[in-house]
Amino acid sequence: MLFAAWWLYSPILSLFGRGTLNAQLSVVRLRWMRLSTQRAQRPFDAILLNQIISSVAFFGSASLIVLAALLGTFANVSSVHAVLSQLHFVAPMSIELLAANLSVVVLILGISFFAFTYSLRKLIYTVALSGGLPDQAEETPHFTIQIEATATVLTEAVRSFNNGIRGYYYAVAALFLLLGPVPCIVATCTVMAMLFYRQTLTTTARAIGTYVDAVNQEENSRK
């Protein structure tokens, strides 16, 4: 159920349409790429992209460190099992089952690590595409295609990054396997509900939706 909830999150979220935070931000990124071409100098855009790249690189490095630490526990799994067996809130389990539960956490964090590295590669592609956009170009069909392609690659990079971040949430839910299957199911449902709430019902999501509505009204008034 844990992996099913993770993999089905994005398809289920897409059913909400443009009302989700991720869908709204894709419009914002498209506007960002279009406005960047209207600036005589682009240090501001370069700083923003650099901040995003630094954040992705940080999470990638952190994931690798956590993975190394978790893999290190397998060398002393008997000692870890002895310590956990003394904790009353941890479900009784064999060493093999403990290793299997830890393997689930390692697998989730491993997938997250690859999501972060893939996001980093996409951001590098975005830098190249953004740097190749002409300055203050007229709205021609070819120019529009370049803008939309650059925004799409940036959105895909952020989507990979978000997938890696969600892996952290589900890794926490996987830790509840130490308490038993029922607590893990409850934790997984809680994590999924929290993620959906943050995407649709928070003040941040509503504010971004208001921003996008204002952008759409502004563009429609120019037509």
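Which helix holds Thr126? Thr126 lies in helix α5. The model is predicted. Thr126 is buried, because its relative accessible area is 0% and the cut-off for burial is under 20%. Leaving out residues up to four places away in sequence, Thr126 touches Leu49, Thr150, Val153 and Leu154.

**Nonpolar cores**

The largest nonpolar core holds 22 residues. Leu2, Tyr9, Ile108 and Tyr170 have the most contacts inside this core. Two or more residues come from each of α1 (2-14), α3 (43-73), α5 (95-131), α6 and α7. Helix α5 gives the most, with six residues. In soluble globular proteins, nonpolar side chains tend to be buried together.

Ile108 touches Leu2, Phe3, Trp6, Gly167, Tyr170, Ala171 and Ala174, with residues up to four places away in sequence not counted. Tyr170 lies in helix α6. Tyr170 has a relative accessibility of 0%, so Tyr170 counts as buried. Neighbours within four places in sequence aside, Tyr170 is in contact with Leu2, Ala5, Trp6, Tyr9, Ile108, Thr188, Val191, Met192 and Leu195. Tyr170 and Leu2 are 168 residues apart in sequence, yet their C-alpha atoms are 7.2 Å apart.

**Accessibility of selected residues**

| Residue | Relative accessible area | Class |
|---|---|---|
| Thr126 | 0% | buried |
| Tyr170 | 0% | buried |
| Gln199 | 10% | buried |
| Glu156 | 31% | partly exposed |
| Phe176 | 34% | partly exposed |
| Arg159 | 44% | partly exposed |

**Helix α2**

Buried residues in α2 are Leu21, Gln24, Arg29, Arg31, Trp32, Met33, Arg34 and Ser36.

**The salt bridge**

The count comes to one salt bridge. Arg159 pairs with Glu156, and their closest N and O atoms are 2.3 Å apart. Side chains of opposite charge can pair when their charged atoms come close. Why are Arg159 and Glu156 separated by about one helical turn? Because they are three residues apart in helix α6. Arg159 is partly exposed, with a relative accessible area of 44%. Glu156 is also partly exposed, at 31% relative accessibility.

**Surface patch**

Which residues form a nonpolar patch on the surface? They are Leu87, Phe89, Val172, Leu175, Phe176 and Leu179. Together they have about 510 Å² of accessible area. Phe176 sits in the loop between α6 (141-175) and α7 (181-200). Its relative accessible area is 34%, so Phe176 counts as partly exposed.

**Helix α7**

Gln199 is found in helix α7. Gln199 is buried, with a relative accessible area of 10%. Gln199 and Ala62 are 137 residues apart along the chain. Their C-alpha atoms are separated by 25 Å.

Note on methods: Residues numbered from 1 in each chain as written. Predicted model: local features only at pLDDT ≥ 70, side-chain atom pairs only at ≥ 80, totals over all residues. Heavy atoms only, no water. Patch = residues over 30% accessible without salt bridge, like charges linked within 9 Å, V, L, I, M, F, W, Y side chains within 5 Å. Areas by Shrake-Rupley, 256 points an atom, 1.4 Å probe, with all protein chains shown as cover. Salt bridge = Lys/Arg side-chain N within 4 Å of Asp/Glu carboxyl O. Helix = DSSP H or I, 4+ residues; strand = E, 2+ residues; numbered from the N terminus. Buried < 20%, exposed > 50% of the residue type's maximum accessible area, 1.4 Å probe, protein only. Core = buried A, V, L, I, M, F, W, Y, C linked by side-chain atoms within 4.5 Å. Contact = heavy atoms within 4.5 Å.
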